[in-house]
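Welcome! Please take a moment with the sequence and the 3D view before reading on.

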Amino acid sequence: MTPTALDAEIAATARAAALAAGAIARDAFLNADPAALATEQKAGFFDIVTVTDKAAEAEASRIIWDRLPQSRILGEETGWQGEGPTSWIIDPIDGTSNFASGLPFFSVSIGAYHDGRPVCAVIYDPIRDEMFMAEAGRLTLNGQPVPPYAKGLSDREVELLTNAPYEGARPSAETLAGFAEVVDSFRAVRRLGSCALHLAYAAVGRVAVCYESKFSAWDIAAGLQLVQAAGGLIEARDAGGAPIAITHDTLPLVKKLVVAQKGFDYSGSCLSNLLDRGAL
């Protein structure tokens with residue numbers, strides 16, 4: 001298989017896997033099946049998983065291995081499995097708490113790489129039937145190119161999407177002070193509950209900027225490819241607050257993240273100052 005044909009097959013497989021996982025999640029959500037929506041705790045009451053998360057991940061993985069057997073997959077629910085030059089990072093339901101609670105804001109997130117090179121990414125919202133995709137440097141929504149545009153260039157003109165401050169522990173005084181500064185700076189601040197969809201919305205221009213600091217590689221792998229395809233800004237920091245370049249290998253090292261539309265005045269944003277001070 002030529003490199004071009006391989007990339008096309010990887011992209012087609014990513015679409016098929018996302019649609020299949022999304023169908024499982026959508027059916028369980030719309031049918032309000034108590035067994036499928038029942039939760040188990042992972043790291044605590046704030047970090048849950050359902051039977052549907054596991055079923056959706058298993059189906060996405062099955063499709064990938066059926067079509068591209070030489071694949072290794074990092075799934076949120078199963079960790080690394082398989083061997084091969086093509087790597088996949090999967091979050092079967094990003095926004096599980098929303099899903100289990102009956103809030104229709106969750107997604108399937110799949111990022112694909114070959115020999116460490118980003119090939120494609122899919123974030124699929126099964127309730128709205130919206131597929132955000134990056135492939136060959138192009139950003140599409142339901143197969144249609146997304147024209148770049150900016151709704152605003154400064155904090156005062158735009159909404160910020162973030163899931164901060166995060167559940168699981170009482171926020172420190174410094175964290176609350178930083179969040180107060182964010183609330184005072186932006187036109188509006190929204191906590192919608194899906195990091196992947198936050199990134200997708202920033203990529204396609206529904207919001208200008210988002211900030212996250214509690215996530216794993218599977219939460220951001222696809223979304224960052226979308227933002228890159230849109231020509232957007234990515235400011236990633238490691239655990240020590242130092243800037244870090246986004247690659248397949250560095251994804252697990254990213255601990256704080258700002259993404260924004262092209263043209264957004266990040267240097268003049270309160271987020272830039274807060275990250276430099278370590279106040280978020």
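## Before we start

This is a predicted model, in which local features need pLDDT of at least 70 and side-chain atom pairs count only at pLDDT 80 or more, while totals for chains, interfaces and linings use all residues. Residues are numbered from 1 along each chain as its sequence is written, and side-chain values use heavy atoms, with hydrogens and water left out.

Helices (H or I, at least four residues) and strands (E, at least two) are DSSP runs numbered from the N terminus. Two strands pair if DSSP finds at least two bridges between them.

## The eight-stranded sheet

Let's begin with an open sheet of eight strands, ordered E4-E3-E5-E6-E7-E8-E9-E10, with mixed pairing. Strand E4 (79-82) and strand E10 (144-145) are its edges, each pairing on one side only. Strands E6 (residues 107-114) and E7 (residues 117-125) run antiparallel and are joined by seven bridges. Val-108, for instance, has Tyr-124 in E7 as its bridge partner.

Helix H1 packs on this sheet, touching strands E5 (86-94), E6, E7 and E8 (130-135); contact means heavy atoms within 4.5 Å. The direction of H1 makes about 25 degrees with that of E7. Such angles run from 0 to 180 degrees between N-to-C directions, with axes fitted to C-alpha atoms, for helices over the stretch in contact. Helix H7 (residues 217-229) packs on the sheet too, at about 105 degrees to E7.

## A closer look at helix H1

How far apart are the end C-alpha atoms of helix H1? They are 42 Å apart, which agrees with the 42 Å that the 29 residues of H1 (residues 3-31) should span at 1.5 Å a residue; the expected span is 1.5 Å times one less than the number of residues. Ala-32 follows H1 and has a positive phi, near 50 degrees.

## The five-stranded sheet

Another open sheet has five strands in the order E12-E11-E13-E15-E14, again with mixed pairing. Here the edges are strand E12 (188-190) and strand E14 (233-237). Strands E13 (residues 209-212) and E15 (residues 256-260) pair in the antiparallel sense over four bridges, and Glu-212 has Leu-257 in E15 as its bridge partner. Helix H6 (residues 195-204) packs on this sheet, its direction making about 155 degrees with that of E13.
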